[in-house]
Amino acid sequence: MTPNLCIELHAVDEMVGLAMRFRHIEGWLGDHEGYLLFRLARDAEGAGAIVEIGSWMGRSTAWLAAGSIATGRERVRAVDTFTGSQEHQNHDLIRREGTTYHRFTDNLEGVGLFEHVEPIIAESRNAARDWNGGAIRLLFIDGDHQYEGVKTDFDLWAKHVPTGGFVVFDDVAEKHPGVWKFIGELRGDSAHWQHVISVGKTATFQRIA
Ligand SMILES: C[S@@+](CC[C@H](N)C(=O)[O-])C[C@H]1O[C@@H](n2cnc3c(N)ncnc32)[C@H](O)[C@@H]1O
């Protein structure tokens, strides 16, 4: 068997193992999308923080934290109001408790990753205003999917991403017209941002200048 084939099969095995570990955490992130976050958190070059905008019940947070902890890297800053977006207001848990925060902590404690996460319970724009964590090497944007929301998240947070750092967007799909429109615009800014990969409904950009 060729070394490359061994590496590829090992990656599949790793992804399936993590997917089994996180499968009970409710969310919309596919396993291949989670594995992308895991690999960037574990293997991508560069120094700085990992910031997630939009954590919900911790599904994407778990993939990020598992990647980062695997190589002894930084904790994941998880920014969310934990009250859900507009489209989540009829969700059972939001109707019952008004927050996903307790489920988020339970889920991450359940998979042994809560110690590697720092929740920031806030509106994204307020958390950005108060940010004093320095450079962000990996930014995951999965909060407000309205055009103004995703643009504001990008404008306020991506300025902390240095050259070589990554921004990953979720829900880049025509059924999320706000995200779709913003990504179209970002693709036009090829002097600063290079689209490096799309996995499932995610799109990853690297700052090049
Ligand atoms: C699509 S869910 C995130 C899903 C999560 N990344 C996962 O993989 O399971 C969007 C989340 O963004 C949060 N959110 C929406 N608008 C926000 C804002 N302006 N500030 C902070 N959090 C926000 C919601 O509370 C919700 O938990």
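A compact globule of 209 residues would have a radius of gyration near 17 Å, and the 16 Å of the protein chain agrees with this; the radius is taken over C-alpha atoms, and the globule rule is 2.2 Å times the number of residues to the power 0.38. The model is predicted: local features need pLDDT of at least 70, side-chain atom pairs count only at pLDDT 80 or more, and totals for chains, interfaces and linings use all residues. Residues are numbered from 1 along each chain as its sequence is written.

**Overall architecture**

- The C-alpha trace of the protein chain spans about 55 × 40 × 35 Å along its principal axes.
- Eight helices and seven strands form the secondary structure of the protein chain; these are DSSP runs numbered from the N terminus, with helices (H or I) of at least four residues and strands (E) of at least two.
- Of the 209 residues in the protein chain, 39% are buried, a residue being buried if 20 or more other C-beta atoms, placed from the backbone, lie within 10 Å of its own.

- Seven strands make up an open sheet with mixed pairing, in the order 3-2-1-4-5-7-6; two strands pair if DSSP finds at least two bridges between them.
- Strand 3 (117-121) and strand 6 (193-199) are the edge strands, each pairing on one side only.
- On average, neighbouring strands of this sheet are turned by 20° against each other, direction ignored; the axes are lines fitted to C-alpha atoms.
- Strand 2 (residues 76-80) and strand 3 run parallel and are joined by five bridges.
- R77 stands opposite E118 in strand 3.

**Helix 3**

- The twelve residues of helix 3 (residues 59-70) should span 16 Å at 1.5 Å a residue, and the 17 Å between its end C-alpha atoms agrees; the expected span is 1.5 Å times one less than the number of residues.
- Helix 3 is mostly covered, with ten of its twelve residues buried, among them R59, S60 and W63.

**Surroundings of the ligand**

- The ligand is surrounded by 19 residues, of which the closest are G27, G54, R59, S60 and S124; a residue is near if its C-beta atom, placed from the backbone, lies within 6 Å.
- At least two residues of this shell come from helix 3, and at least two from strand 2.
- The shell comprises four nonpolar, ten polar and five charged residues; Asp, Glu, Lys and Arg count as charged, and Gly is among the polar ones.

Technical notes
Axes fitted to C-alpha atoms, helices over the stretch in contact; angles between N-to-C directions.
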